[in-house]
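Please consider the model shown here. The explanation is set out in running paragraphs.

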Amino acid sequence: MTKEKDPAFVKYRRIVKRFGNVIAVDDVDIDIPEGSLVSLLGPSGCGKTTLLRMLAGLETPTEGDIFINGKRINDVPIHKRNLGMIFQNYALFPHKTIFDNVAFGLKYRGVSKEEMQERVYKALELVRLPGVENRKPSQLSGGQQQRIALARAIVIEPDVLLMDEPLSALDENLREAMRRELNNLQQEIGVTTIFVTHDQREALSMSDKVIVLKDGIKQQEGTPAEVYNHSANHFVADFLGHPNFLPVIVGEEQDDHMVVQLENGKTFLATPSTQFKRGEKAEIVVRAQKLKMAPRAEFHEDEGMNYLFGKVKDRSYMGGEVSYYVELEDMSTLHIISFVRRIPLERNDEVFIKLNPADCRLIKV
Amino acid sequence: MKKLISGWSLIKSYTLLVYIWMFAPIVAVVLLSFNPQQFGSFPMKGFSFRWYGELLHNPSILGAFKNSLILGSLTAILATSIAVPAALAFVRYEFRGKDFLNTLLIAPIMIPEVVLGVALLLFLRWLQQPKSFMLLLLGHIVLTLPYVMLVVQARMVGIKKEYEEAALSLGASPFQTFRSVTFPLLSPAIFAGMLFSFTISFDDVTATLFWATASQQTVPVKIFGMLRNSISPEINALGTIMIILTISLPLTAGYFIRKFARES
Ligand SMILES: Nc1ncnc2c1ncn2[C@@H]1O[C@H](COP(=O)(O)OP(=O)(O)O)[C@@H](O)[C@H]1O
Ligand SMILES: [Mg+2]
């Protein structure tokens, strides 16, 4: 009889971590499929690092169990776990050459001298830094040190690769390149990877799965598209970038839409959901990029669309896009990101805003 | 009208006088140690290593030198062996009474040496033990431990925990991690601490006067004793050697600390 393979290679089960009175991680379950890249995403202090360090064995869970490949590892000491860890500041050993840094983990794995050399050189090639083996870490740039840290972690063929904000110490343009490189490398060697970040763009662009955390509690998990397009709550929608929230009272379902009432009494259409009862308070969430805006003079009504009216209060160019803040008639503000128009909108221009009901999702308040 | 003496030149000459007042005696000692005559006076009549030669043939001084070297070396080794694990514990681990213990180890810096000297002697009396080399050694460890602790702890704080965590995650056991990462990173501070400790031990008079016996004398105590009889030019030579040692060792230690600070 063949045993059914557990799809989760790494499993956190009901993990709680307390530091004195601080609850850093609160009853978290995580499943990480073999070979995938999973991001832990959330603001500073939400418990990402703590979750990672518990898997690494640098912290012990207060409650709950952690499994790797079906084996409970709570009591396995860190140096017996076979994990590759990449630290925010690389933590290359400053007194050792690059060769000795990369070879460090192999020394404790009974690898012969020839094999060690071969594997170190292969790892250096994999991170595209051959020929630096005799230098000291201080003789390399930040980006190069980052790659050596990566080489040192993957040369031991770890079961899981753990990265704690590995890109945050790099400058902006290098970060983007390094992000793609990390992504490609992870795909190439297929190592199960946990990636900690507070940068939603990093998480969305790299991950197979994103886990959003707040105050030690898991808010949502899903593919980047799921968490972005179907954010589970206000926090997630807000954290993933440029949302607008409109408070509403839920009405009833009509055709393919949910009819809701804005605070000013106006009727709006939103995407249908079975989770809301008539009369319930809720919020419409709509991304700034999904709003269409034009001068009020050009207003014409299309069937089945939502409209709002207001005045441009502020705008700023962001390269190919413009970010507008529009004050609505009820004095609330909408954030709109659109491509640069042929005739740009100016401050104090009267505008109308079109919202497609398909982009107006209801979330609980 | 031209001012004859400006305020600035007054300050300069005053400073010069202070320096002369501070260093002239030391310079005199060094110079006179090369004076061939028994009763030194300036200008010197010639230059010789006569008194250094006499030192070499004075068994009691050689004995004191040997005592000082052995005592200094043992003090340095033992104080450092205590300081390293202590610093590791204080910096890396949380435990109850940590601050109190740390203060206790540093405290001898603030206690007058006379008090320390008497206290240890009374303690020995209470134990009904005779004065011995062990007493000297114990005393000197107490005297120098705070300095070694400060140097090693400061360095330990500077060694990021991530280095050790990286080593552990790569498969090194805690002991292997200490041996291949923590210790090498700490070693300049350990070395500097040993040099400081040796120098302080080698140079100490006040407390050592209470602890030394006739047969267990250190160089400074010996000099102190010789001065009571007469001022022999040998003392100048001995003093010069002491000056060289006690200046060069801390400088070496400082060099290592700075060199290391640059590297990491
Ligand atoms: N060693 C520790 N001692 C006490 N509190 C800690 C410790 N490590 C983390 N915390 C606390 O736990 C919470 C989560 O921290 P952390 O996991 O580092 O968050 P993140 O990595 O998401 O920024 C924070 O409130 C932090 O202050
Ligand atoms: Mg963190």
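Predicted model: local features only at pLDDT ≥ 70, side-chain atom pairs only at ≥ 80, totals over all residues.

Residues are numbered from 1 along each chain as its sequence is written, chains are lettered from A and ligands numbered from 1 in the order in which they are written, and side-chain values use heavy atoms, with hydrogens and water left out.

Around ligand 1 stand residues of chain A, including Phe19(A), Val22(A), Ala24(A) and Pro43(A); a residue belongs to this shell if one of its heavy atoms lies within 4 Å of the ligand. By class, the shell has 5 nonpolar, 5 polar and 1 charged residues, where Ala, Val, Leu, Ile, Met, Phe, Trp, Tyr, Cys and Pro count as nonpolar, Asp, Glu, Lys and Arg as charged, and the others, Gly among them, as polar. Helices (H or I, at least four residues) and strands (E, at least two) are DSSP runs numbered from the N terminus.

Oxygen atoms of ligand 1 lie 3.2 Å from a polar backbone atom of Cys46(A), 3.0 Å from a backbone N or O atom of Gly47(A) and 2.9 Å from a side-chain N or O atom of Lys48(A). Of the 560 Å² that ligand 1 exposes when taken alone, the protein buries 59% (Shrake-Rupley method, 1.4 Å probe).

In chain B, helix 3 (residues 59–92) and helix 8 (residues 174–203) pack at about 140°, with axes 8 Å apart; axes are lines fitted to C-alpha atoms over the stretch in contact, and angles run from 0 to 180 degrees between N-to-C directions. Helix 3 of chain B is therefore oblique to helix 8 of chain B, since angles under 35 degrees count as roughly parallel, over 145 as roughly antiparallel, 65 to 115 as roughly perpendicular and the rest as oblique. The residues of this contact divide into 14 nonpolar, 9 polar and no charged.

Note on methods
Polar contact = N/O pair within 3.5 Å; in protein donor to acceptor, adjacent residues only side chain to side chain.
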